[in-house]
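The tour below goes from one selection to the next.

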Amino acid sequence: MKLQKLYERAHRMQDDAMHKYTTHFVKEYDAICIEDLDVKGMLMSHVASKGVHRALFGRFRSYLEYKCKSAGVKLVIANCFYPST
């Protein structure tokens, strides 16, 4: 029970931080460009899967998409094979 409460607290803290970051980006910028990552492919890699899972890329993108749509901010999603740095 104690461990479950700690996991729930950590989840809520991550969710709160994610909402704060995405809200800041949407309020600060008129257009936002993110790269379309192959998260499922990255999770298959045993080397980076734990870090990718903790980074919550999918949740970040979904929060950013709906907040940009509601605020009228242009969201550009660059292809993962586009030559960018």
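**Start at helix H4**

The buried residues of H4 pack against helix H1 (2-28), S1 and strand S2 (74-78). This is a predicted model, in which local features need pLDDT of at least 70 and side-chain atom pairs count only at pLDDT 80 or more, while totals for chains, interfaces and linings use all residues. Residues are numbered from 1 along each chain as its sequence is written, and side-chain values use heavy atoms, with hydrogens and water left out.

Helices (H or I, at least four residues) and strands (E, at least two) are DSSP runs, numbered from the N terminus. Buried means under 20% relative accessible area, exposed over 50%, and partly exposed in between (1.4 Å probe, protein chains only).

Select Tyr-63, Leu-64, Lys-67 and Cys-68, the buried residues of H4. They lie on the same side of H4, because they cover an arc of only 125 degrees around the axis; the arc is that of the directions from the helix axis to the C-beta atoms. Now select Lys-69 and Ser-70, exposed residues on the face of H4 turned away from its buried side. Just after H4, look at Gly-72, which takes a positive phi of about 80 degrees.

**The core**

Next select Val-26, Ile-32, Ile-34, Leu-64, Cys-68 and Val-73: these six residues form the largest nonpolar core. S1 and H4 each supply at least two residues of this core. A nonpolar core is a set of buried Ala, Val, Leu, Ile, Met, Phe, Trp, Tyr and Cys residues joined through side-chain atoms within 4.5 Å.

What does Val-26 touch, not counting residues up to four places away in sequence? Its contacts (heavy atoms within 4.5 Å) are Ile-32, Leu-64, Lys-67, Cys-68, Ala-71 and Val-73.

**Out to a loop**

Move to Leu-37, in the loop between strand S1 (31-35) and helix H2 (39-44). Leu-37 is partly exposed, with a relative accessible area of 34%. Draw a distance from its C-alpha atom to that of Phe-57, 20 residues along the chain: the separation is 8.4 Å.

**Zoom out**

Along the sequence they follow the pattern α-β-α-α-α-β. Of the 85 residues, 15% are buried. Among contacts between residues at least 6 apart in sequence, 74% join residues at least 24 apart.
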